[in-house]
Amino acid sequence: MNISLLDFLFPRMCSICKRYGNYICDDCQKLLKRNLPECYICRRLSPSYASHLECKKRYSLDKVFVAWEYSRMSSGILKLYKYKNVQEVSKIISDLFVCAIEKSSFKCNLKDSLLVPVPISTLRKNERGFNQMECIADEVGRKFQLDVKIDLICCRNSSTHQANKNKAERYESKQNPFYIKNSSPNPLLQYKSITIVDDVITTGNTLEKITQIIKIHYGMDTIVNALCMFRGKPYYLSTVLSP
Ligand SMILES: [Zn+2]
Ligand SMILES: [Zn+2]
């Protein structure tokens, strides 16, 4: 698509401050607040990004990197790239994300890791036309020279064909919407770890459901980490920091 048509369809206006120029202007990019390295379970500081041993449960992730604190501005960015299929927007966000990863010590954990974007159901993918996490994972993979496998984890269509399922199948899909095709070769023969790529982490429940599927399928000792873009500030942070 040539630039002028793209500009016509999606005027280059900062999605945050509405100034014309760029989809996310330089000033607003600077306002993105970096998230501190923490244990994603208890949200206390963890310089290596590792989940504390005392916090971990059966299907917890090993290490979770979160680039920025979720804010009003982040929600503007997310809306922009989720609902406007503008390659350029995806590129700006990916570049910022890559830059944040590069500046952190977490990047050492990416060595020999396989990147897996959080999947969306085929139904949602058809509606939206794309899964933005695949674009982000591709950019991260390109930058750090890592393989990306978009179909390792699949996501069930939540409401379709429920009637054709028996009770046990319905229960299983309600418990975990994600699954791995039995025919998938074991990636752990080739990679040291699996790194899930996601946009927003809240409780970590989605990531843990994917981790559960991976560990059941490929072994409990599989290392599963995650790269996430945003997370809300810990609600108890003010009490933790007060003397
Ligand atoms: Zn702006
Ligand atoms: Zn912890």
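These notebook entries record what I looked up in the structure.

**Entry 1. Ground rules.** I note that this is a predicted model, in which local features need pLDDT of at least 70, side-chain atom pairs count only at pLDDT 80 or more, and totals for chains, interfaces and linings use all residues. Residues are numbered from 1 along each chain as its sequence is written, while chains are lettered from A and ligands numbered from 1 in the order in which they are written.

**Entry 2. Overall composition.** I looked up the secondary structure and found nine helices and six strands. Helices (H or I, at least four residues) and strands (E, at least two) are DSSP runs, numbered from the N terminus. The protein has 243 residues, and 29% of them count as buried. A residue is buried if 20 or more other C-beta atoms lie within 10 Å of its own, exposed if 12 or fewer, and partly exposed in between, with C-beta atoms placed from the backbone. Among contacts with a separation of 6 or more, 69% join residues 24 or more positions apart. Two residues are in contact if their C-beta atoms, placed from the backbone, lie within 7 Å.

**Entry 3. The sheet.** I traced an open sheet of four strands in the order β1-β6-β5-β2, with parallel pairing. Two strands pair if DSSP finds at least two bridges between them. β1 and β2 stand at the edges with a single partner strand each, so one side of each has no neighbour in the sheet. From one strand to the next, the twist averages 20°. Axes here are lines fitted to C-alpha atoms, for helices over the stretch in contact, and angles run from 0 to 180 degrees between N-to-C directions.

I then checked the individual pairings. β2 (residues 113–117) is joined to β5 (residues 193–200) by five bridges, and Leu 115 has Thr 195 of β5 as its bridge partner. Seven bridges join β5 to β6 (residues 223–231), where Ile 194 has Val 224 as its bridge partner.

**Entry 4. The crossover.** I followed the chain from β5 through helix α8 (residues 205–218) to β6 and found a right-handed β-α-β unit. Right-handed means that, with the strands pointing away from the viewer, the path from the first strand over the helix to the second runs clockwise. Helix α8 lies across β5 and β6, running at about 160° to β5. Thr 203 lies in the loop between β5 and α8. Its C-alpha atom is separated by 9.9 Å from that of Gly 232, 29 residues apart along the chain.

**Entry 5. The core.** Which residues touch the most other members of the largest nonpolar core? I found Val 64, Phe 65, Ile 196, Val 197, Ala 226 and Cys 228, in a core of 44 residues. Such a core is a set of buried Ala, Val, Leu, Ile, Met, Phe, Trp, Tyr and Cys residues joined through C-beta atoms within 7 Å. The elements giving two or more residues to this core include β1 (63–69), α3 (72–83) and α4 (87–102). β6 gives the most, with six residues. I also listed contacts of Ala 226 beyond four places in sequence, among them Leu 61, Val 64, Thr 195 and Leu 207.

**Entry 6. Positive phi.** Asp 112, in the loop between α4 and β2, has phi near 55°, a positive value in a residue other than glycine. Asp 112 is exposed, with 11 other C-beta atoms within 10 Å. Gln 145, also not a glycine, has a positive phi of about 55°. Gln 145 lies in the loop between α6 and β3 (154–155) and is exposed, with 8 other C-beta atoms within 10 Å.
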